[in-house]
Amino acid sequence: MTITVYKIDHETYQVRKDNELLGTIKTYRNLYHDTCIYLKIKLKVYPANFPFDAILQQESKPLELLTDSKNKNLIEFLIHNGFQCKRHCFTPTVSKNYLKHSLTSDLTIQPFTQVDPKYLECCDLLYRYYKKTHATVAPLTANYATFIDEVPTKTGFYNLNQKNEIENVVFTENNEIAYICSINHKNCEAFIQATLRKIFWPIVKLS
């Protein structure tokens, strides 16, 4: 059995087993993580030994792929062929009914919007934190201006330390948490608790 890979256009590889068409592998790039080439694999079966080196030589960049953890066969196929799992991502859906413990934090936090004088400071912290935490997995390649224009949401909360510096930030959108960043992990939990109290039990001002 021979597995062959042919590049049929600038982003598509056709995969064959002998003369049988198994499917395609699409490639794409991510402006924010442009140190690698991302793959979308659509094959009828996953051959035990696959010539990913042929794609690697063509693209001249490391190969990366995002997939759901439910895709067990695909994951086994990738690991068998030399890929490593670098990151797990989770998208939980929670409400105050899921709380197992009371939110006891009395940390003072401040809300912000895009017009707040502190907004750009919050964005700057997110940029630095995002860049640091992604450095060993998928380094951030977008410049500061592009990142700030596209990534942060327009609302959230922050807290200040004794030097009046921002040390924890959460960006929110439609009452959901989008990003969390911190320079003080010792009180980050207290900050998250205080944020959840604001989200779960917002104060309604009556006019």
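A residue is termed buried when its relative accessible area is under 20%, exposed when it is over 50%, and partly exposed in between (1.4 Å probe, protein chains only). The structure is a predicted model, in which local features need pLDDT of at least 70, side-chain atom pairs count only at pLDDT 80 or more, and totals for chains, interfaces and linings use all residues. Residues are numbered from 1 along each chain as its sequence is written, and side-chain values use heavy atoms, with hydrogens and water left out.

The protein contains five helices and nine strands, where helices (H or I, at least four residues) and strands (E, at least two) are DSSP runs numbered from the N terminus. Read from the N terminus, the order of elements is β-β-β-β-α-β-α-β-α-α-β-β-β-α. The radius of gyration of the protein is 22 Å, whereas a compact globule of 207 residues would have a value near 17 Å; the radius is taken over C-alpha atoms, and the globule rule is 2.2 Å times the number of residues to the power 0.38. The C-alpha trace spans about 75 × 40 × 35 Å along its principal axes.

Of the 207 residues in the protein, 36% are buried. The accessible surface comes to about 14,000 Å², and carbon and sulfur atoms account for 51% of this area. Accessible areas come from the Shrake-Rupley method with a 1.4 Å probe, and for residues only the protein chains shown count as cover. Contacts are defined by heavy atoms within 4.5 Å. Among contacts between residues at least 6 apart in sequence, 55% join residues at least 24 apart.

Lys7 lies in strand E1 (residues 3-9) and is partly exposed, because its relative accessibility is 35%. With neighbours within four places in sequence left aside, Lys7 is in contact with Thr12, Tyr13, Gln58 and Glu59. The side chains of Lys7 and Glu59 are joined by a polar contact of 3.2 Å. A polar contact is a pair of N or O atoms within 3.5 Å; within protein, one must be able to donate a hydrogen and the other to accept it, and residues adjacent in sequence count only if both atoms are side-chain atoms. Phe147 is 140 residues from Lys7 along the chain, and the C-alpha atoms of the two residues are separated by 32 Å.

Lys42 belongs to strand E4 (residues 37-43). Its relative accessibility is 62%, so Lys42 counts as exposed. Residues up to four places away in sequence not counted, Lys42 touches Leu22, Gly23 and Thr24. Lys42 and Gln14 are 28 residues apart in sequence, with a C-alpha to C-alpha distance of 9.9 Å.

Thr153 is placed in the loop between helix H4 (144-150) and strand E7 (155-160). The residue counts as buried because its relative accessibility is 9%. Its side chain reaches the backbone oxygen of Thr155 at 3.4 Å. Beyond neighbours within four places in sequence, Thr153 is in contact with Tyr119, Phe171, Thr172, Glu173 and Ala178.

The loop between strand E8 (166-173) and E9 includes Asn174, and Asn175 is found in the loop between E8 and E9 as well. Most residues other than glycine have a negative phi. Asn174, however, has a positive phi of about 50°, and the phi of Asn175 is also positive, at about 65°. Asn174 is exposed, because its relative accessible area is 71%; Asn175, with 53%, is likewise exposed.

Ser182 is found in strand E9 (residues 176-182). Its relative accessible area is 5%, and Ser182 is therefore buried. The side chain of Ser182 makes a polar contact with the side chain of Asn168 at 2.5 Å. A polar atom of the Ser182 side chain also lies 3.0 Å from the backbone nitrogen of Asn184. Not counting residues up to four places away in sequence, Ser182 touches Tyr129, Glu167, Asn168 and Cys188.
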